[in-house]
Amino acid sequence: MKKHPMALAIVLGLALGLPAVHAQSSTTTTSTQTASGSDQSSPDASKTAATKTKARSLDQVQVTGSLINSAQIQTATPSYTISAQEIQARGFNSVAEVLQQSVFASGTTQGPQTSGGFTQGAQTVSMYGLNPEYTLTLIDGKPITQFGQLYNGASNFTNVSNIPISMIDHIDIIPGGGSSIYGSAAIAGTINIVTKQHMDGGEVYVRTGNFHNGGGANQRFGGAFGKTIGKFSVLGSFEFDNASPMWAYQSSYIRNKLNTQENPTTVAAAINYGTLDQYTGSVLGYISPGDDCAGVSDLYGGTTTAASRTGRTGTYCGSRQVLGQTTLNNKSQSYDGMLKLRYDVNDHVRIYSDVLADFQKQSYTPGSDYTWWDSYNDLGFLEDQNKNIVNLERVFAPEEMLGGYGGQLDRQDDLMYQADIGANGTFGDSNWNWDAYFMRSGDHTTTSSPSFLASAIDGWFEKNVLGTSTGIDPESGLAMYNINYANFYKGMTPSEFASTRINVPGESNTWVNNGRVTLSNDALFHLPGGDAGFAWLIEGGSQAWYEPISPLISNGDIWGLTGDSGGGTRSHAASAFELNLPLFKQLTVDLSGRYDHYSIPGGDTNSKFTWKAGLEYRPFDTLLLRANYATAFLAPDMSSLYLGPSGTYDYVTDYYECAQAGAKNCQNYQEEVETSQNANKNLKPTTATDWTAGFVYSPVPDLSISVDYLHIQIRNEVIVQDANLLTREESQCRTGELDASSPTCVAALSQVQRSTNADGSLGDISKITTYYENLANEDTDSVTSEVKYHFPTTPIGDFSVQLDYMDMLKHQYQEYAGEAPINMLTNPLWSTEFKSIASGDVTWSLHHRWTSTLFWHRYGATPNYIAYYEGTYDYPGAGKVAPYITFNWSLGFSPTKNLDLTLMVNNLMNKMPKDASWDAFPYYNSANYNPYGREIMLQADYSFSLGGGH
């Protein structure tokens, strides 16, 4: 029986242990990128020999991940490419979506859906569950500056939300270490975003989209034009994007969850801990409102009522609509532009310049859950006229604000740019190519955040609710007040609310300057397997990061708010080489090495040499066996060198107080403490080694199968010291378990600060000071496989399939030397990353007029809320969320040669995250999923000729 090629592929996949999945690398899918001043493809075979020579001289093809200008050498290292056509066909709206939907993005990240996160106005990607700082992102092979705000308040990262998607030709992803070519940060992988390089004519397009569940409506229009006139060529493009915010109450999933809450969320509550004789540290109940919440009944759309909780006395005022007043997707407007200029001085020299810029305005709010006041924050526990120990808590409603929560949006304006000027060419008619450029990339971000002025909000409550303290109770030590509970259970007027608010300004600024000279020769000498290639570069430059803190925050004028602060510069120099040796027809060796040197004022210098060796072996034409070994590194983050002190509030365990009480279980000794993060200018680079091994097999035409194994080992990872570990060490030093004169104790006792009681004894922890240190280690093992097949043409059109799969075999993290490694794939307390991801598509086209793509994406199982909260799968109810599968579909039609119309439907089945155990807002893991639902988009593209010629 004759087997169909696709059937053969499936059989081979099963025999080799491959799932039916697709990725994009093979012997013929090596991703290519144009060098500065180059076209996207190799010279046309029909051109004359003289034209070919000029094209080879000035229109070199550069492979992503290599310094040598040959599109045939980069096969020892897997490379994955997604084209602009695939991006549109799969319905992706942004670069962030493209990268986060790749099978390599197994880690969790913050973004617009993470309400109250450190960087709600930025997006990034985590490859293999590693910190985003371990992924190097480039535009056209050149570095782009990092975002000024800090990821998780601790590390620098690249924001990919401000890169215009319409200006992209393709995106290359190279897993694993790339430091021997690109330098710092290329540990988990390298992402090269390649923009459009050449165009003869123009195009305009318009897109509109809406979400089925409401909110998030978006529009986009733009255009591009290009022309070659004699020796001069130009390419320009522009884009405008507009998006409305999506509110939590607009999501049907969240709205249903809010309406079925067991207990309404607090609007106003006088939390009662009982009298001094009754006080245990736990809440006893509430001081009930005398009017049954009539004074606030109009808040949150008239849904605020008296409520109670099981096991607590009294009532409070609450509503089930409180948490809906937060944005899940930002309001945004983006203005983008790109300009590329080329001038051929002669057949051997070209001058070029490129400019890419994006200005993005965003607005968002962490919502009502962050717009609140309580008396404990500034005044501590209070003692009321009935000797009750109380804490007053108040959450503000849209009716109390001018314009509601829409008038209380945080605002972020971000300008990102990259510009270069340079020249490239050849030395006469030789095989030697050269390229020299200077580039600058920058990011300037300003923010404005409506916040409570501490004196104003505290003053309002002191005037209207608390009055003047009647003294200090000698028994409890608490301030006593005659609290006006009737006034407490009343709403503010919008003018009163406005009088307590102030817009807190913020700013961050980063930039990178870099100059580079590259020499290369793709036919240095001849070997039995072909021509040897060689390249060498030298580069130097500087970078900066500045994020000053507002004096309003540093002076303590803002209620309940801390922030990051710091800044500085450093210089950098590097030199690298690459040598590609086709020893035999079947065997090729690729070697590369790079030396990087960093220096900062007043700190240690950092130098690192990294290298990489790759092997390509082809026992026969349809099979490629490949392997490589590489070292990589990450220079210390600018924030780790210059931050601080930066303040946060963390929950820690007071082990010393627990020990003094003789308690066996310290869970009841947790408290929220101010923590100060501080820089360390003596940090060393984070180092890494990795190796890959795999194959690419093409048993029949138009079919390729590949499998690659990747091991990454990271050492000396820079992290912020753990506050809980410091409090444990501090307790051991004070109780004599550790030598108080040891370096560990000297550091711990100075970093954990305590108040002093009236009798001179040590009191509560008042502040903890932490530093960045080279402390952690991390290891990952993964397998990536791909299958792709283009079916023979049929009367009903052309069909192709693509399937990708990535499985994390291992991810271990060791926070401190000597500690047992943490299995990040099985420990839900430490990680909710995806162990496996699969994606793929089926594409159909007919007569170049119709085309359709069905794209699917599957996330593997992740811990449910109970497992995540309890930190174990052994707790009752702990388990996993089922795999999450979504489908995107597109249909394109070209009524004329110049006009393309496209219908796109993302999340075709309107799939929502489902975790019945996740009973806390937003009722899903916002680091893994989003509740946006189905999106429907329409796009029209029109291309035209500019006329004339050269």
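A nonpolar surface patch of about 880 Å² is formed by Val 517, Trp 536, Ile 538, Phe 577, Leu 591, Tyr 595, Phe 609, Trp 611, Tyr 629 and Trp 691. Patches of this kind consist of residues with over 30% relative accessible area and no salt bridge, where nonpolar side chains (Val, Leu, Ile, Met, Phe, Trp, Tyr) are joined within 5 Å and like charges within 9 Å. A salt bridge is a side-chain nitrogen of Lys or Arg within 4 Å of a carboxyl oxygen of Asp or Glu, and accessible areas come from the Shrake-Rupley method with a 1.4 Å probe, with only the protein chains shown counting as cover for residues.

The model is predicted, so that local features need pLDDT of at least 70 and side-chain atom pairs count only at pLDDT 80 or more, while totals for chains, interfaces and linings use all residues. Residues are numbered from 1 along each chain as its sequence is written, and side-chain values use heavy atoms, with hydrogens and water left out.

Strand 29 (533-547), strand 31 (587-599) and strand 32 (606-620) each contribute at least two residues to the nonpolar patch. Strands (E, at least two residues) and helices (H or I, at least four) are DSSP runs numbered from the N terminus. Val 517, a member of the patch, belongs to strand 26 (residues 501-521). Val 517 counts as partly exposed because its relative accessibility is 36%; buried means under 20%, exposed over 50%, and partly exposed in between (1.4 Å probe, protein chains only).

Attention now turns to another region. Thr 304 lies in the loop between helix 7 (299-302) and strand 14 (305-307), and it is buried because its relative accessibility is 2%. The side chain of Thr 304 reaches the backbone oxygen of Leu 299 at 3.0 Å. Beyond its neighbours within four places in sequence, Thr 304 is in contact (heavy atoms within 4.5 Å) with residues including Val 267, Val 296, Leu 299, Cys 317 and Ser 319.

Most residues other than glycine have a negative phi, and most peptide bonds are trans. Tyr 300, in helix 7, has a positive phi of about 50° although it is not a glycine, and at 4% relative accessibility Tyr 300 is buried. Asp 292 likewise is not a glycine and has a positive phi, of about 60°. Asp 292 is found in the loop between strand 13 (285-286) and helix 7, and counts as exposed at 56% relative accessibility. The peptide bond from Phe 921 to Pro 922 is cis, with omega near 10°, and Pro 922 sits in the loop between strand 47 (899-906) and strand 48 (935-944).

Notes. Polar contact = N/O pair within 3.5 Å; in protein donor to acceptor, adjacent residues only side chain to side chain.
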